[in-house]
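The sequence and the model are shown first, and the description follows.

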Amino acid sequence: MTRLDAWWEERARRLARNAGRRTFLARMGTLLVGGTALPLLPVARAYGEGKKSARVPAPAEGFDGPAGDPKRCEYWRHCAIDGFACACCGGSATTCPPGTEVSPVTWVGTCRNPADGKDYLISYNDCCGKAFCGRCPCNRNEGERPDYHWYRNNDINWCAGARSQVYNCSLAVVIGQATEAQPEK
Amino acid sequence: MKKAVVLTLFVGWIAIASVSRAAESNAENYLLHCSGCHGADGRGVPGVTPSLHGIAELLERPGGRAYLGRVPGVAQAALDDRKLAALLNWVLTEFSQHSADPPYSGKEMHRLRKNPLRDTVSGRPTQASTKE
Amino acid sequence: MQRIVLLAFVGIVFPLLVSATDPIEKASVATLPESGDHWVWVPDRILQHSVLFDGDTGEALGMLDSTSTLTPKTPLFSRTRGEFYSVDTAYTRGNRGSRIDFVSIYDARTLGYEAEILLPTQTGQSNSSHAYAELLGDRFLATFNQFPNVSVSIVDLEQRRFVEEIVMTGCAGVFPVGPRRFAALCGDGTALRVDLDASGRKQSFSSSPKFFDAVTDPVAMSAGRDGTRWVFVSFSGQVHSVDFSTDPPTPTPGWSLLDDTLARAGWRPGGLQHVAVHEPTQRLYVVMHQGEAGSHKKPGNIWVYDLNQKKRTDRFELPNLTAAFLIPFAKVEPAGFVSRLMRWTLPSPGVHTIAVSADASPVLFARNAELGAVAVLDALSGKTLRVIGEAGLAGPTLRVP
């Protein structure tokens with residue numbers, strides 16, 4: 001960040017405090033998308049508060065080969081999954097099997113989508129409350145780190161916070177686009 | 001005159017671009033480095049992970065400013081000092097509607113993160129017992 | 001004469017009559033012999049128990065159940081107390097209900113349940129669960145917790161009660177160093193030494209200088225104990241030995257498992273419990289494979305290093321564990337043609353996990369986490385002594401009690 005960046009950031013922060021942050025961000029986003037070809041805001045979904053926004057481009061999906069198949073360990077989102085792929089267990093890459101619960105805590109990493117060449121933020125939420133799904137066990141560890149770097153660890157039972165912390169299977173949810181791969185890669 | 005207009009527009013464009021880039025990278029860094037435990041909305045999970053809403057209150061307590069830089073979730077994040085400072089400042093304004101005064105700088109973050117706090121529970125700053 | 005007849009009746013005829021009405025055999029319960037140097041616990045994450053095997057015979061000796069729904073934590077053994085300990089998590093209705101965390105105490109000869117110690121903390125759960133539950137000596141047991149605090153719970157086995165929770169945010173694991181001292185690895189590239197007072201409460205923390213980088217080249221949680229030192233191995237193959245007898249702990253300069261040629265060929269350490277140290281001979285065993293960044297949990301073969309000379313001394317050949325696992329399922333004659341064919345043709349994927357016994361003629365146990373078979377090797381020569389088949393279904397850990 002340059003000094004100019006820092007200065008503008010501070011300006012913006014003050015402006016935002018006065019204007020209401022979400023409105024500000026939303027308007028700023030609209031302005032930017034309308035007026036320039038700047039990198040797209042990857043987090044609009046988190047801040048859009050229900051307003052569906054086209055500002056987060058969805059990753060390319062449904063392409064041929066194992067990297068396009070959520071039931072395969074080679075699925076592009078599974079680059080650091082450790083567990084059973086929920087798509088084989090009655091759910092999908094983004095839905096837990098019936099009767100289970102999505103873990104409210106999770107870990108996040110990035111995977112590159114081979115079809116569009118972009119990195120995406122992947123949230124590996126566990127599905128909890130039923131015993132091992134037992135199908136499609138996968139163990140990929142790109143950018144995965146040991147327990148002391150917990151927020152990139154896939155060995156930990158991330159069902160903490162669910163009513164029952166019994167592990168069933170793992171999701172791979174795209175929560176945004178990343179401007180670059182995570183630093184561990 | 002025309003030149004001046006173009007120049008103004010250009011400067012304006014740069015300005016907006018840099019603001020957006022900063023906000024954007026902070027929001028993205030938040031999702032990548034913090035949101036897993038604290039949630040995309042910063043609210044955490046009661047009894048499991050702490051909420052980031054209202055943490056600015058810690059800044060008012062003795063040792064609070066250092067605490068926020070030394071908690072391992074901050075100190076051990078995989079970000080350089082400058083980006084980490086920007087992210088912490090962003091988290092404070094985003095979830096506590098309050099900014100550190102002055103904002104955390106990369107230099108300050110460099111100093112604080114060298115010495116991560118291990119006992120974050122008893123080391124958490126409490127309300128100043130004596131109020132002048 | 002009459003007396004002789006009577007005596008003969010009492011001594012010979014009567015016992016015959018009585019024994020004829022008794023069953024030939026009577027069901028009873030076995031007990032374990034005095035603990036052997038070559039015993040090994042084989043935890044199973046599917047069957048939810050740990051089976052104790054004798055590496056010298058390959059026979060199963062007994063088992064301990066677990067209520068954990070992830071990999072059971074390997075049972076801990078105190079020779080002095082004559083007890084095994086199992087750190088467990090359970091729900092009141094199987095997989096739902098309220099959660100309880102506890103330490104179960106079993107008699108080391110009968111394997112019978114003796115008592116339990118309830119934990120007010122929630123024990124951490126992980127697939128590999130290295131250094132998640134350990135004995136520090138014979139009195140204190142320590143468990144690693146992840147939520148809501150990253151902490152260690154201390155349990156007093158003498159008084160059979162929970163002592164306290166020691167918060168150590170940003171660090172992980174319990175690496176025992178002494179009866180009242182353990183270490184942990186931290187995300188800032190340091191190791192933490194934790195000292196307890198006589199009652200098991202935290203006395204002090206002491207951080208080592210930084211010796212690794214958690215982002216670029218982290219050390220694995222699987223490590224080997226060398227007295228008051230722990231030998232940590234990084235993803236790229238750097239060996240960091242840290243002495244925890246000093247305050248602060250002293251990391252010795254790192255050295256590499258690989259020369260340039262091997263490193264260029266992509267050799268690197270990996271697995272799930274892929275590091276072991278035999279202290280008396282200063283041998284370091286590491287599971288090695290050819291891979292790339294992100295392959296740090298892939299199985300491989302066993303390489304042997306001398307910790308003092310800091311160089312490789314041997315590479316061990318592994319038996320075919322896929323065949324050993326599948327032959328009992330295939331119901332074919334173990335010594336027959338089909339079995340031999342299976343051993344010859346089935347791919348042998350290497351091992352994730354090793355454990356070495358501590359005695360003077362040590363054995364090395366090795367398993368692949370996806371296969372229920374354990375190889376028993378002579379830890380000095382590398383010769384395969386036997387393969388234990390039907391050793392469960394899957395599991396990433398082993399422990400020599």
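## Polar contacts between chains C and A

A polar contact is a pair of N or O atoms within 3.5 Å; within protein, one of the two must be able to donate a hydrogen and the other to accept it, and residues adjacent in sequence count only if both atoms are side-chain atoms. The model described here is predicted. Between chain C and chain A, 15 residue pairs are in polar contact, with both residues at pLDDT 80 or more.

On the chain C side, strands S6 (96-107), S12 (171-178), S13 (181-186) and S16 (219-226) each supply at least two of the residues that touch chain A. The largest share, three residues, comes from S16(C). Sorted by class, this side of chain C has 17 nonpolar, 13 polar and four charged residues.

## Extent of the interface

Chain C brings 34 residues to the contact, and chain A brings 28 residues. About 2500 Å² is buried between the two chains, and carbon and sulfur atoms give 57% of this area. Of the area that chain C buries against chain A, 23% is supplied by C:Phe147, C:Val215 and C:Lys297, more than by any other three residues.

C:Lys297 also takes part in a salt bridge, its partner being A:Glu144. The closest N and O atoms of this pair are 3.2 Å apart. In total, three salt bridges are counted between chain C and chain A.

## A hairpin in chain C

Strand S24 (residues 301-306) and strand S25 (residues 311-316) of chain C run antiparallel and are joined by five bridges. One bridge pairs C:Asp306 with C:Lys311 in S25(C).

Four residues lie between the strands of this hairpin. Which residue in the hairpin of S24(C) and S25(C) takes a positive phi? The residue is C:Lys310, with a phi near 55 degrees.

## A three-stranded sheet in chain A

Chain A contains an open sheet of three strands in the order S2-S5-S7, with antiparallel pairing. Strand S2 (101-102) and strand S7 (167-170) are the edge strands, each pairing on one side only.

S2(A) pairs with strand S5 (residues 126-128) of chain A over two bridges, in the antiparallel sense. Within this part of the sheet, A:Glu101 stands opposite A:Cys128 in S5(A).

Methods. Residues numbered from 1 in each chain as written. Chains lettered and ligands numbered in written order. Predicted model: local features only at pLDDT ≥ 70, side-chain atom pairs only at ≥ 80, totals over all residues. Heavy atoms only, no water. Contact = heavy atoms within 4.5 Å. Buried area = accessible area lost by both parts, 1.4 Å probe. Salt bridge = Lys/Arg side-chain N within 4 Å of Asp/Glu carboxyl O. Nonpolar A, V, L, I, M, F, W, Y, C, P; charged D, E, K, R; others polar. Pairing = 2+ DSSP bridges.
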